[in-house]
Protein chains: 2
Amino acid sequence: MDRTEISTLGEFGLIKHLTENIQLTQPSSLKGIGDDAAVMKYAPGRRVLMTTDLLLEGVHFNLEYVPLKHLGYKAAVVNFSDIYAMNGTPSQITVSLGVSARFSVEDLEQLYSGIRLACERYGVDLVGGDTSASMTGLTISITCLGTAKEEDIVYRNGAKVNDLICVSGNLGTAYMGLQLLERERIAGGGDHAAVFEGKEYLLERQLKPEARRDIIEQLHQAGIKPTAMMDVSDGLSSEVMHICHQSGVGCAIYEDKLPIDIKAAEVAEEMNLSIVTCALNGGEDYELLFTCDLKDYEKLIPMDDIYIVGHITKPEYGMTLVGRNGEELELKAQGWNAFTK
Amino acid sequence: MDRTEISTLGEFGLIKHLTENIQLTQPSSLKGIGDDAAVMKYAPGRRVLMTTDLLLEGVHFNLEYVPLKHLGYKAAVVNFSDIYAMNGTPSQITVSLGVSARFSVEDLEQLYSGIRLACERYGVDLVGGDTSASMTGLTISITCLGTAKEEDIVYRNGAKVNDLICVSGNLGTAYMGLQLLERERIAGGGDHAAVFEGKEYLLERQLKPEARRDIIEQLHQAGIKPTAMMDVSDGLSSEVMHICHQSGVGCAIYEDKLPIDIKAAEVAEEMNLSIVTCALNGGEDYELLFTCDLKDYEKLIPMDDIYIVGHITKPEYGMTLVGRNGEELELKAQGWNAFTK
């Protein structure tokens, strides 16, 4: 592959090269890249949502096995996921990059192509950013704006006693994908393709996650407004605890209700890991966790890819994991904590 | 000074510690830190402005002489400057930090105290962010939202032939402050205080710049809407060229009209530097550069700290610096280009 040094373009040239042909597609985007700030015009009555995510090489991703295009896609999608988790719609992002001389112009084209693909798929405009040299590795900082009607916004603090606790998709799969990738990285050479065969879904969950726009749309169509919601980025335990703390309630999560992908369970067993622990603490699933009033039970049952995993309790009950034999364990949030690694 | 390791608090504990007691003061801020996204409610008819800035240790700042509190203040203010440069008012920021184990909790408290001071002074709310471990040094990514009435927004592309070119404050001073700091750093030990005496203003321009809200207010009160505007972060030459390119015009800048601080000129002479070159290419002044219709001339003359430095010409004339003896030189934008350093 060709390698063009960034220094041949310079800062302004690089930005121009990466952002030319970027179109604004959202009616709310009045002015994108090219001025001191982007300008948006939102419909009257819409509330503006804002979230941000910082990804650092060596902490959040390892370029030995993460393709740059996938990384760009994921960096954008994890922000969209936060906007959906408010029951909103993402509309604009800014992208800031710090890049060392190790990266070529072609590398950054790959990264941008992933960001642009994610934007295209989710109907989001790239409206600005900042590109800079870095002394060390790659830094990606994305901020996302979205909108919602005020009455539609779902916070973390609205869960009530007896509410159902639901999650979308499955849990722990992205973490098992990471374990596979790390094992092969440490093993070094060899026929990785053969090892990965049949496990592509696990890798995809780690490398190229999707935000659950479809779940938000389903809930909307069914006329369900969750009482509390957030996305699962640090593992179910940690996220359930956020909702319980902020809502002033307790919870019971049933181990046998946790949605587990069969392949993920197989790989976990092969690696001598507990898939339940992975599902509770694995992180990076980007599924939605939400609580619903009991009256929505009938509507929830037929819905696609939504699973009831427990219910909200009085705060005195604490946060509990109910095991397969009825034993009760206190939920512990390991979450993701690189500071103590 | 006490040193508390970040690992004793962990990721969630650190964020909680740094962001507790943060109040929302803007009527537009409905929900700040603590959910998947912040929520804003802007007055009907307001447009939303968005800008972002990434600061990397070793590229944009050197902690050998930049106090963390000043760094926090500056990181916020440079974003406010971009919003003012659209003729808008900043209202919310998110702050993402990547921090290595070299930094203590007290260090981050200092950084945050600077950010919070800037927010307080400029009436901006801190509504979210992301804090993460880093393998290498300090990364600061701030995104700022602001608002403006649609009819008030000033872009870079509106300059017309015969418009006056104006700048606020003075130019090259922040760059001379940087030269002083770098010289003392390289010199090592010694009585820095004695060297810096009487030159505090230069250091302040580099270490703790302000955004020119006062200029925006003055223009507003005088009923002047610039035809084009931007802030001067990469040096006047580079910025004038942006306005000329985007507006499809040329310009004449007069060397003897450039506003130069007398102390900065003295230090430049002492260091054998051309203060004119510093004023044109120094960067980090965070002054406002704007163009005005000729009819506003009478109003501009009595205004405080605003200087007419040239005028807009037909594009055929090119971008020209007119020297003290009437000689004409082509303006060259060196700007800031760490990629080619």
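In this predicted model, helix α4 (residues 173-187) of chain B packs against helix α6 (residues 200-207) of chain B, with axes that come within 7 Å and cross at roughly 100°. Angles of 65 to 115 degrees count as roughly perpendicular, and α4(B) and α6(B) are therefore roughly perpendicular to each other. On the side of α4(B), the contact is made by B:Thr173, B:Ala174, B:Met176, B:Gly177, B:Leu178, B:Leu180 and B:Leu181. Helix α6(B) contributes B:Leu202, B:Leu203, B:Arg205 and B:Gln206. Sorted by class, the residues of this contact are seven nonpolar, three polar and one charged.

The domain assignment divides chain A into domain 1 (6-152) and domain 2 (164-333). The centres of these two domains of chain A, taken over C-alpha atoms, are separated by 27 Å. Where the domains touch, 16 residues come from domain 1 of chain A and 17 residues from domain 2 of chain A. Helix α2 (residues 68-84) of chain A supplies nine residues to the side of domain 1 that touches domain 2, the largest share of that side. The side of domain 1 of chain A in this contact consists of nine nonpolar, three polar and four charged residues.

The relation between the two chains was examined next. Chain B is superposed on chain A by a rotation of 180° with 0.0 Å of shift along its axis, and the RMSD is 0.0 Å. The two copies are thus related as by a two-fold rotation axis. Within chain B, the C-alpha nearest the axis belongs to B:Pro44 and lies 3.0 Å from it. Both copies use the same surface, as 100% of the contact residues of chain B recur in chain A.

The contact between the chains takes 57 residues from chain B and 57 residues from chain A. On the side of chain B that touches chain A, strand β3 (residues 46-56) of chain B gives the most, with nine residues. The residues on this side of chain B comprise 27 nonpolar, 19 polar and eleven charged.

Strand pairing also links the two chains. Strand β3 (residues 46-56) of chain A pairs with strand β2 (residues 38-40) of chain B in the antiparallel sense, over three bridges. In this pairing, A:Leu49 has B:Val39 of β2(B) as its bridge partner.

Key: Residues are numbered from 1 along each chain as its sequence is written. Chains are lettered from A and ligands numbered from 1 in the order in which they are written. This is a predicted model: local features need pLDDT of at least 70, side-chain atom pairs count only at pLDDT 80 or more; totals for chains, interfaces and linings use all residues. Copies are superposed by least squares on the C-alpha atoms of residues with pLDDT of at least 70 in both. Two residues are in contact if their C-beta atoms, placed from the backbone, lie within 7 Å. Helices (H or I, at least four residues) and strands (E, at least two) are DSSP runs, numbered from the N terminus. Ala, Val, Leu, Ile, Met, Phe, Trp, Tyr, Cys and Pro count as nonpolar, Asp, Glu, Lys and Arg as charged, and the others, Gly among them, as polar. Two strands pair if DSSP finds at least two bridges between them. Domain bounds come from an automatic or database domain assignment. Axes are lines fitted to C-alpha atoms, for helices over the stretch in contact, and angles run from 0 to 180 degrees between N-to-C directions. Angles under 35 degrees count as roughly parallel, over 145 as roughly antiparallel, 65 to 115 as roughly perpendicular and the rest as oblique.
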